[in-house]
Amino acid sequence: MNLSRRSLSRRGLLAASTLTALTAASPASAASTEGGGSGGGRRLRTGFERLDAGGYAPLDGARVGVVTNPTGVTRDVRHIVDVMHADERVNLVAVFGPEHGFRGTAQAGGSEGRYDDPATGLPVYDTYQKSGRALADIFTAAGVDTIVFDIQDVGARFYTYIWTLFDCMESAELAGKRFMVLDRPNPVTGRGAYGPVLHKEFATFVGRQPIAQAHGMTVTELALLFNGEFLERPVELETVRMTGWKRSDFYDASGLPWVPPSPNMPTPDTALVYSGTCLFEGTNLSEGRGTTRPFELLGAEGIDRKWAAAVNELGLPGVHFREAYFAPTFSKFQGKTIGGVQLHVHDRESYDPVRTGIALLVTAKKVWSGFAWRSDNWIDKLTGTTRVRTQIDAGADPDEVVAAWQDDLAGFRAIRRRYLRYP
């Protein structure tokens, strides 16, 4: 896998297109003590907080559109669109909503469409499943010249907001617009990248480009990676980094409120397991949608205590599995009582969500005769490869499945290191 073939020739262009004033914080300054907050006296400041504190200077004279959703809030839970709209220093003229919508009313695979926001009167445009020239035309019709992105990610390749970021960057370049990314924490830390790397023949909206299943990056780092490695023509990119964030920080160290980024991501605990257990979307088992613990509860009709026993026997680090029974209120097995497991992560530092997800798939197939992949082989889109499915079907154990992607993962990790901006 050669992800870096364009990076050397384009590094100068990338550097020239990145904001100097607000992104100048070095790793050392990003870890500086500012008093108050959590994390041993460090006070985390998001990209928006720094933009606001600087008087919105980079937006002076610009007609601004914001790509955001309910997670775009201040630490006192005011939405940044409401804050910016009320500030005479910002000429905010449009809002762009991703999957689930700007105000977050739509379920998975849905959006809110085009409407005028009742709170601000601003036009809200729908970006979901739009890309390329079609999305560029929306930016042009909205009359913006600068597009600001501020959405909380959860650290998994198949969480669609990072591909909204990619599509908006690509379309902004086509439309001749400037693009600014405001950073927020990766809630499951940025310590490392894990899992298979997507092969381009499996590119979809749950994975546009060859990155790892758990990427271990923030959205500004991803934006720099996209601009330097994957966009045919780099956009005029500006990033506003956080201060006070370390790669080892989980979300509860941030001092920030948690707003569910989507209806089935209710807590940071969900994000912790999601990059592994979302693989069950590619099977006939429930991934816990329609319960209060989506992606922590997994099951199906006919599964009993044998699954929990089998996966506990593997001794996976940092997690225990409880025999569980539940009745989803929607999605798979709606209204039926089914059996399965609940994940209980007891040591976040040692827990590997992707390896855990693979182990759960392997053991589910062994203990339940009804196990099946989704008929469209959606699992290949989620993992970015056929290997996970075919190896499990061939009887491989979890270690064999994990070993098969290590070369690709090492290649991605080498590329990733160039774009990391925090200690």
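These legends describe close-up views of aromatic residues in a predicted model.

**View 1. Phe96 and Phe139 form an edge-to-face pair.** The structure holds 16 aromatic pairs, and Phe96 with Phe139 is one of them. The ring centres are 4.9 Å apart. The planes stand at 80 degrees, and angles over 60 count as edge-to-face, so this pair gets that label. Phe96 belongs to strand β2 (residues 91-97). Phe139 belongs to helix α5 (residues 132-142).

**View 2. Phe280 and Trp307 form a tilted pair.** A pair of aromatic rings is described by the distance of the centres and the angle of the planes. For Phe280 and Trp307, the centre-to-centre distance is 5.9 Å. Their planes make an angle of 50 degrees. Phe280 sits in the loop between α8 (268-277) and β10 (297-300). Trp307 is part of helix α9 (residues 306-312).

**View 3. Five aromatic residues form one cluster.** The members are Phe158, Tyr159, Tyr161, Tyr274 and Phe295.

**View 4. Two arginines lie over aromatic faces.** Arg114 is placed over the face of Tyr125. Its distance from the ring centre is 4.9 Å. Arg348 is placed over the face of Phe250. Here the distance from the ring centre is 4.0 Å.

**View 5. Tyr56 has a positive phi.** Most residues other than glycine have a negative phi. The phi of Tyr56 is near 60 degrees, a positive value in a non-glycine residue. Tyr56 is found in the loop between α3 (47-53) and β1 (63-68). Its relative accessible area is 0%, so Tyr56 counts as buried.

**View 6. Phe333 also has a positive phi.** The value is about 60 degrees, although Phe333 is not a glycine. Phe333 lies in the loop between β11 (319-326) and β12 (338-345). Its relative accessible area is 19%. Buried means under 20%, so Phe333 falls in that class.

Conventions:
Residues are numbered from 1 along each chain as its sequence is written. This is a predicted model: local features need pLDDT of at least 70, side-chain atom pairs count only at pLDDT 80 or more; totals for chains, interfaces and linings use all residues. Side-chain values use heavy atoms; hydrogens and water are left out. Rings of Phe, Tyr and Trp (its six-membered ring) pair if their centres lie within 6.5 Å; planes under 30 degrees apart count as stacked, over 60 as edge-to-face and the rest as tilted. Helices (H or I, at least four residues) and strands (E, at least two) are DSSP runs, numbered from the N terminus. A charge sits over a ring if NZ of Lys or CZ of Arg is within 6 Å of the ring centre and within 35 degrees of the ring normal. Buried means under 20% relative accessible area, exposed over 50%, partly exposed in between (1.4 Å probe, protein chains only).
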